[in-house]
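The following questions and answers examine one residue and then the interface around it.

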Number of protein chains: 2
Amino acid sequence: MLTSPELSPAQALYKKAKRLIPGGTQLLSKRPEMFAPERWPSYVKKAKGCRLTDIEGHEYLDFTTMGIGACLLGYNDPDVTEAVVKRVESGSMCTLNYPEEVDLIERLLELHPWASMGRLARTGGEAMTVAVRIARAATGRDEVAFCGYHGWHDWYLASNLKGEKLSEHLLPGLDPKGVPSCLAETAWPFEFNQIDQLESIVKRRAGKLAAVVMEPMRSAKPTAEFVQKIREICDREGILLVIDEITAGWRFNFGGSHLALGYEPDITVFAKALGNGHPIAAIIGRSRSMQAAQETFISSTYWTEGVGPVAALAVLDKMKVIDVPAHVNTIGALLGDGLSRIAKQEGIPLHIGGCPALLHWAFDHPENLALQTLFTVEMLKRDILTSASIYPCWAHSPQDVERYLDAAAIVLPKLADLLGQGKAAIERELGSPVRHTGFSRLN
Amino acid sequence: MLTSPELSPAQALYKKAKRLIPGGTQLLSKRPEMFAPERWPSYVKKAKGCRLTDIEGHEYLDFTTMGIGACLLGYNDPDVTEAVVKRVESGSMCTLNYPEEVDLIERLLELHPWASMGRLARTGGEAMTVAVRIARAATGRDEVAFCGYHGWHDWYLASNLKGEKLSEHLLPGLDPKGVPSCLAETAWPFEFNQIDQLESIVKRRAGKLAAVVMEPMRSAKPTAEFVQKIREICDREGILLVIDEITAGWRFNFGGSHLALGYEPDITVFAKALGNGHPIAAIIGRSRSMQAAQETFISSTYWTEGVGPVAALAVLDKMKVIDVPAHVNTIGALLGDGLSRIAKQEGIPLHIGGCPALLHWAFDHPENLALQTLFTVEMLKRDILTSASIYPCWAHSPQDVERYLDAAAIVLPKLADLLGQGKAAIERELGSPVRHTGFSRLN
């Protein structure tokens, strides 16, 4: 009788998770399959700075996206943790409101003087849905033109109801099953820096667009013309400009990146790094837009707990006095330059994309995904957690980068030997499945 | 020159909040106007058990809804706080997943053996939207029949797009501005215990209903026939039964109240008391329904942080060994009986509604709202925070009830003197505005 090989505690737990949780995790980007199927440590015991210990007791230096962009200060930041613990230990939920929610909104408005009102939520997805509801209420229109990734909600996935249109917007394969079919013609995608595409949508859907929803930047910076024309179009057509700073915010400058890039939003949404790992999201906007939130019901019990605002205030207090954007830019540049240098030395076609603060890289090779998976697996053996996207954080030091590059200097040459040998050889060396990209059903 | 009277720190802060936050708070039910406009303490400094200190340093015994139903164990429960602080201090967000999310889902499935898969979210509103998305994806249908209150999202508010239909469902006046107009015929309300109304919807919308969404109970218990017929209708029509346990769950029995009431759901949603004040929500369901979550994109970064599941597990651990439902029933009954007794002695027409665990009361008098406001204001003077809805919690003792009733025994006779004197006299005695009910724009 054949017996299956013993699974490690982490692999066994993830196997159970896939039986109990549709999709295995609560976030697509945290699926072990997105990194290295059957090899990724999957579950954490403790985390601090840029280091973590998995549930099997292995310690790793972490050069991933650091909580999918949430932990810009690093894990378990001492100042944020101190503020959060203080709030928890003095009671973080009751029938009254927490004064820090007013303080947080006031602080965000000071940093973004174009805005004069704000609301809070706890997750980025729901905060974007609040923003779209407000824009629809303020304009009396239902449709949205958008660019980039904005979450799981109906207003966004509706775009995929008539054939996949979101594939160019970060995540391929997003299935809109269960989104009401009548929403099919309410969400219109355009590509970043392609103002003609937006103009064409505005022409086709004249008078119907409530909002232009976009990430201010992700892989590339916007052109000055793109930024200026978007505002012109919105003004001309009575459309609200909603800037989604969930990933970009605080990473490129202190505040929303729209401040540095020249956008003039009507509404802006923050989440992720605003709480450095503690759930909080904020929607700020001009009074004329936000007043519409008085005329539509937007209300949720857990938006009133006390930890979120306290965490965000501690994050802002800290980021006010340290230069996080300069630091993560330096770390990302050291890392990208180092990787490029090693790849060049070894004759490996490695392409660095994005910007230093939101780095991603790929092999210019048909077996890119298998090679990336193998890279991750080999780095895991050297106690480094990494993949093809790296979001540096405040806790990363140049010495950490050095350690990463020392390991890469051993791993990349191993990969170089495989480059000419084709798929079978790479997969044999890998010995486990190739990583996934995008959304797909798990077996 | 006239100067306006000095505002107290709490009133000044709330005045600022109304300038900066559309609606003043993040939850309608936490608006000071819902209790006693211009008098309610509004903001909290610390909370513990059934006591809290406001930002002006006043201490109160709290007999309100205890965090709008979230803090069933009382504020800042020592066991939950200990578990949460431990998780925060060991890092509560990183790129890997928290094993407790699997543990929590497993625990919920053990307690609800009809269910075999689960997902987590952080707020009740978004969790209900996950449930509806799954039901729509599983059935390939878009419409929903519902009963009760289920939050701020489009699928629910759509019901009010063609005239207000939600007024009988807990909160009157919910404005659906900003909900896409094409959703107008996707949400159909029926009243609790009125199976004919559901039958009529099913007949009119044959083959179009994805789900029947309902609270298992709130003010009254369902009849056995109602419970049985709902399941029969869902089976006959291929509709999924989604039970919203956000308010009812854990309060009447350990687990969803559907277990005790005889409902056989396809999907059930928990939030509020599951985290005892720490944001967590869970969606559990039968495999045949939940597998649809594999085929539609449902994913959010902050659904993966580590505090929510740890808090929920601590709550379940504690509630497994203490009898919270019996205790809150006893406290609620003592309170309701005591209030009735005093009212009767004083000849006050006071009507107790709901059930002891979700108590509400009203004066059978044309000036009910003014009288309720005056009651709240007079109780505040006696250091008791209360209003017309009282959700007892584990931290309330019979001695706390005694203190409440001692105060009520002084306050109610004061009100009795005003009953025959009409509106002007009551409002003069009150000296501040009458409380609001339902959703309305703030000035």
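Q: In which loop of chain B is B:Ser42 found?
A: This is a predicted model, in which local features need pLDDT of at least 70, side-chain atom pairs count only at pLDDT 80 or more, and totals for chains, interfaces and linings use all residues. Residues are numbered from 1 along each chain as its sequence is written. With helices (H or I, at least four residues) and strands (E, at least two) taken as DSSP runs numbered from the N terminus, B:Ser42 is found in the loop between α1 and β1 of chain B.

Q: Is B:Ser42 buried or exposed?
A: Buried means under 20% relative accessible area and exposed over 50%, with partly exposed in between (1.4 Å probe, protein chains only). The relative accessibility of B:Ser42 is 1%, so this residue counts as buried.

Q: What is the area buried between chain B and chain A?
A: Buried area is the accessible area (1.4 Å probe) that two parts lose on being put together, summed over both. The contact takes 119 residues from each of chain B and chain A. Carbon and sulfur atoms give 59% of the buried area, which is about 10,200 Å².

Q: With which residue does B:Glu106 form a salt bridge?
A: A salt bridge is a side-chain nitrogen of Lys or Arg within 4 Å of a carboxyl oxygen of Asp or Glu. The count between chain B and chain A is eight. In one of them the closest N and O atoms are 2.8 Å apart, and the partner of B:Glu106 is A:Lys16.

Technical notes: Chains lettered and ligands numbered in written order. Heavy atoms only, no water. Contact = heavy atoms within 4.5 Å.
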